[in-house]
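Visitor: Hi, I have a model open and would like to talk it through. Could you show it here first?

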Amino acid sequence: MKYLIILVSLFVSNHVVSQEISLSFMEGEWKVSDKEVYEAWKPSDTNILTGEAYTIKENGSKKIAERLAIRKVKKDIVYSAMVPNQNAGKAIDFVLNQIDENTYSFENPNHDFPKKIIYKKVSDSELFVVVQGKDVTEAFNYTLLKQTN
């Protein structure tokens, strides 16, 4: 009986986590408001979302700056960023540690920079992103505007 209770508890807690957190508002292609830099997110079978940050070369091809994923790892939601030719090709993980209305904060206090990445849904067509280091002097932000095809 004890094992059954544990299994039911695990199922319910995992189900609650996946039901409470919806990042579908991030799906689509986004452009940094004042730069030719893009972020694209799409749903995935194995992750909540997969994405990439990129620029467009003169010949029209993409130059990938980061490969991104937001996925469920045990009871946590994890934002992963892999920068080509850095960190031996391994992703850096940031755990979702705060949700406040339309704001989702992912943090990795052990990483040199950034330590925190925050996505705020301003509207269906605008996201505000904050990238922070150990204090406010090590931070930058940008606005993402949803692109329509």
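Visitor: Through how many residues does a hairpin join S8 to S9?
Guide: Through two residues. This is a predicted model, where local features need pLDDT of at least 70, side-chain atom pairs count only at pLDDT 80 or more, and totals for chains, interfaces and linings use all residues. Residues are numbered from 1 along each chain as its sequence is written, and side-chain values use heavy atoms, with hydrogens and water left out. Strands are DSSP runs of E with at least two residues, numbered from the N terminus.

Visitor: And how many bridges join S8 to S9?
Guide: Seven bridges, with strand S8 (residues 116–123) and S9 running antiparallel. Two strands pair if DSSP finds at least two bridges between them. Serine 123 stands opposite glutamate 126 in S9.

Visitor: What comes after that, between S9 and S10?
Guide: A hairpin of six residues joins S9 to S10. Strand S9 (residues 126–132) and strand S10 (residues 139–146) are antiparallel, with seven bridges. Glutamine 132 has alanine 139 as its bridge partner in S10, and phenylalanine 128 has threonine 143.

Visitor: Is threonine 143 buried or exposed?
Guide: Threonine 143 counts as buried because its relative accessibility is 18%. Buried means under 20% relative accessible area, exposed over 50%, and partly exposed in between (1.4 Å probe, protein chains only). Not counting residues up to four places away in sequence, threonine 143 touches Lys31, Val32, Ser33, Glu126, Leu127 and Phe128. Contact here means heavy atoms within 4.5 Å.

Visitor: Zooming out, what do the ten strands form?
Guide: A closed barrel, running S1-S2-S3-S4-S5-S6-S7-S8-S9-S10 with antiparallel pairing. On average, neighbouring strands of this sheet are turned by 25° against each other, direction ignored. The axes are lines fitted to C-alpha atoms, for helices over the stretch in contact, and angles run from 0 to 180 degrees between N-to-C directions.

Visitor: Switching to aromatics, how many aromatic pairs are there?
Guide: The structure holds nine. Rings of Phe, Tyr and Trp (its six-membered ring) pair if their centres lie within 6.5 Å; planes under 30 degrees apart count as stacked, over 60 as edge-to-face and the rest as tilted. Tyrosine 38 and tyrosine 54 are stacked, because their ring centres are 5.4 Å apart and their planes at 15°. That pair links distant parts of the chain, with tyrosine 38 in strand S2 (residues 37–43) and tyrosine 54 in strand S3 (residues 49–56), 16 residues apart.

Visitor: Why is the pair of tryptophan 41 and tyrosine 79 called tilted?
Guide: Because the planes sit at 50°, with the ring centres 6.0 Å apart. Tryptophan 41 is in strand S2 and tyrosine 79 in strand S5 (residues 76–82), 38 residues apart. Ring pairs also link Trp41 and Tyr79 with Phe94, Phe106 and Tyr119 into a cluster.

Visitor: Which residues touch the most other members of the largest nonpolar core?
Guide: Among its 26 residues, they are Leu23, Met26, Trp41, Ile70, Tyr79, Phe106 and Tyr119. A nonpolar core is a set of buried Ala, Val, Leu, Ile, Met, Phe, Trp, Tyr and Cys residues joined through side-chain atoms within 4.5 Å. Methionine 26 contacts Trp41, Leu49, Ile70, Tyr119 and Leu127, leaving aside neighbours within four places in sequence.

Visitor: Last one: where does pLDDT stay under 50?
Guide: Over residues 1–19, for which the model has seven contacts beyond four places in sequence. pLDDT is the predictor's confidence in each residue, from 0 to 100. The protein averages 87, and 87% of the residues score at least 70.

Definitions and conventions: Helices (H or I, at least four residues) and strands (E, at least two) are DSSP runs, numbered from the N terminus.
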